[in-house]
Amino acid sequence: MKKLLISAIIAATAMGATAATASTAWIEKGVKLNARSGPGTYYKVIGTFHPCTKIHVVGWKNGWAKVSYNHHYYWVSGKYLQNHSCNHYVKPKKKHYGHSQGYKHY
C-alpha cells in the first residue's frame, strides 16, 4: 500500500511539472502553418493551422514545437509562433448571383 501511495505522488508530481511547462502561443499573423507528425519537414503533414490560432506548446526539439490543440498533439516550426494573440480577418467570398439563385431581369 505504501509503494502504491508513493507511486501516485510521483505520478501526480510529474503531471504537474508537465502542465507547468506548457505555454500558450499563437500562429503568426499571415501564416498558414503545417502541422506535422514529427519535428522536421520530412515528417508527414497531417493538418494546417490558420493564422492567429491559439495553441499550447508542450515541448521543443531542434526549433520545432510540440503543440497541443483540441486534445491532439502536432509538431510545428517554432519560428512561426508568437507569444501574444492576434486577429485574423478572412475576407468573405463574393457572392455570384445568377438565374438559379433568384436574380430577376426587369
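Reply: Start with one term: a contact means heavy atoms within 4.5 Å. Keep in mind that this is a predicted model. Leaving out residues up to four places away in sequence, Val 76 touches Leu 33, Asn 34, Ala 35, Phe 49, Gly 63, Trp 64, Ala 65, Val 67 and Leu 81.

Me: What makes the largest nonpolar core a core, and which residues have the most contacts inside it?

Reply: A nonpolar core needs buried residues of types such as Val, Leu, Ile and Phe, joined through side-chain atoms within 4.5 Å. The largest such set here has 13 residues. Those with the most contacts inside it are Ile 27, Leu 33, Phe 49, Ile 55, Val 67, Val 76 and Leu 81. Two or more core residues come from each of strand S1 (23-27), strand S2 (33-36), S4, S5 and S6. In soluble globular proteins, nonpolar side chains tend to be buried together.

Me: Why is Asn 62 called exposed?

Reply: The cut-off for exposed is over 50% relative accessible area. Asn 62 has 71%, so Asn 62 counts as exposed. Asn 62 sits in the loop between strand S4 (54-61) and strand S5 (64-69). Its phi is positive, about 50 degrees, although Asn 62 is not a glycine.

Me: What makes Asn 70 exposed?

Reply: The same test, over 50%. The relative accessible area of Asn 70 is 56%, so Asn 70 is exposed. Asn 70 belongs to the loop between S5 and strand S6 (72-77). Here too a residue other than glycine has a positive phi, near 50 degrees.

Me: How many residues of the protein count as buried?

Reply: Buried means under 20% relative accessible area. Of the 106 residues, 26% count as buried. The protein exposes about 8500 Å², and carbon and sulfur atoms supply 57% of that.

Me: Which secondary structure elements does the protein have, and in what order do they run?

Reply: There are 1 helix and 7 strands. From the N terminus on, the order is α-β-β-β-β-β-β-β. Take contacts between residues at least 6 apart in sequence: 45% of them join residues at least 24 apart.

Key. Residues are numbered from 1 along each chain as its sequence is written. This is a predicted model: local features need pLDDT of at least 70, side-chain atom pairs count only at pLDDT 80 or more; totals for chains, interfaces and linings use all residues. Side-chain values use heavy atoms; hydrogens and water are left out. Helices (H or I, at least four residues) and strands (E, at least two) are DSSP runs, numbered from the N terminus. Buried means under 20% relative accessible area, exposed over 50%, partly exposed in between (1.4 Å probe, protein chains only). Accessible areas come from the Shrake-Rupley method with a 1.4 Å probe; for residues, only the protein chains shown count as cover.
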